Amino acid sequence: MGVDHPVVDDGHLTEKIRALVPQGVDAALELAGCSVLVDTLRTVRRHGTVYFTGALAPQWSVPDFSSYVIPVGVRLTGYAGQATDLPADIFARQLQAITERRLKVPVAKVYRGMEEVRDAHADVDSGTILGKHVALLED
């Protein structure tokens with residue numbers, strides 16, 4: 001899917017990223033959330049940006065957060081909007097790109113009916129099946 005250096009975050013993300021890119025990466029998209037935000041900030045170079053847009057981990061704040069945890073020169077920005085916040089013309093272009101197969105969305109597995117939703121959650125939580133998990137509740 002275009003990833004040059006996949007890195008598993010085992011609590012030592014900064015060290016792993018800095019081993020690959022000693023000066024730090026240009027930007028990081030933080031989807032996991034507050035439990036790893038400080039570490040993600042340390043992976044970015046001076047004048048780079050961390051985009052905080054997800055909170056998948058069950059931690060909703062950074063303990064004792066202060067602006068001093070943001071490395072000098074690193075920008076931190078976030079997005080917490082809804083799908084309806086996306087301008088209609090941009091959303092339409094994305095849907096058209098999917099329709100024309102210019103934008104590929106990898107589907108990992110399709111689950112059918114409410115009885116398979118539990119399996120879908122278990123598969124997502126396991127992290128072993130990559131791609132989007134789709135639950136069809138009606139045929």
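**Reading the model, feature by feature**

Modeller: Asp 64 counts as exposed, at 77% relative accessibility, where exposed means over 50% relative accessible area, buried under 20%, and partly exposed in between (1.4 Å probe, protein chains only). This is a predicted model, in which local features need pLDDT of at least 70, side-chain atom pairs count only at pLDDT 80 or more, and totals for chains, interfaces and linings use all residues. Residues are numbered from 1 along each chain as its sequence is written, and side-chain values use heavy atoms, with hydrogens and water left out.

Colleague: Where is Asp 64 found, and what is its phi?

Modeller: Asp 64 is found in the loop between E2 and E3, helices (H or I, at least four residues) and strands (E, at least two) being DSSP runs numbered from the N terminus. Its phi is near 55°, a positive value in a residue other than glycine. Arg 101, in the loop between helix H3 (88-99) and E4, also is not a glycine and has a positive phi of about 65°; Arg 101 is exposed, with a relative accessible area of 67%.

Colleague: How should I read the faces of a helix, and which residues of H1 are buried?

Modeller: An α-helix has 3.6 residues a turn, so residues three or four places apart point the same way. In helix H1 (residues 13-20), the buried residues are Leu 13, Thr 14 and Ile 17. They line one face of the helix, because seen down the axis of H1 they fall within an arc of 95°, the arc being that of the directions from the helix axis to the C-beta atoms. Glu 15 and Ala 19 are exposed on the other side of H1, while the buried residues of H1 pack against strand E1 (25-30) and H2.

Colleague: Which residues of H4 are buried, and which strands do they pack against?

Modeller: Val 117, Ala 120 and Asp 123 are buried in helix H4 (residues 117-126), and they lie on the same side of H4 because they cover an arc of only 120° around the axis. These buried residues pack against strand E4 (107-112) and strand E5 (132-136), whereas the face turned away from the buried side carries the exposed residues Arg 118, His 121 and Asp 125. H4 is followed by Gly 127, whose phi is positive, near 70°.

Colleague: What order do the strands of the open sheet have, and how are they paired?

Modeller: Two strands pair if DSSP finds at least two bridges between them. The open sheet of three strands has the order E1-E2-E3, with parallel pairing, and its edge strands, E1 and strand E3 (75-78), each pair on one side only. Five bridges join E1 to E2, and Val 25 stands opposite Val 44 in E2.

Colleague: How many residues does the largest nonpolar core have?

Modeller: A nonpolar core is a set of buried Ala, Val, Leu, Ile, Met, Phe, Trp, Tyr and Cys residues joined through side-chain atoms within 4.5 Å. The largest one here has nine residues, among them Ala 28, Leu 37, Val 44 and Val 74. Helix H2 (37-41) and strand E2 (44-52) each supply at least two residues of this core, and its largest share, three residues, comes from H2. Leaving aside neighbours within four places in sequence, Val 44 is in contact (heavy atoms within 4.5 Å) with residues including Ala 28, Val 50 and Val 74.
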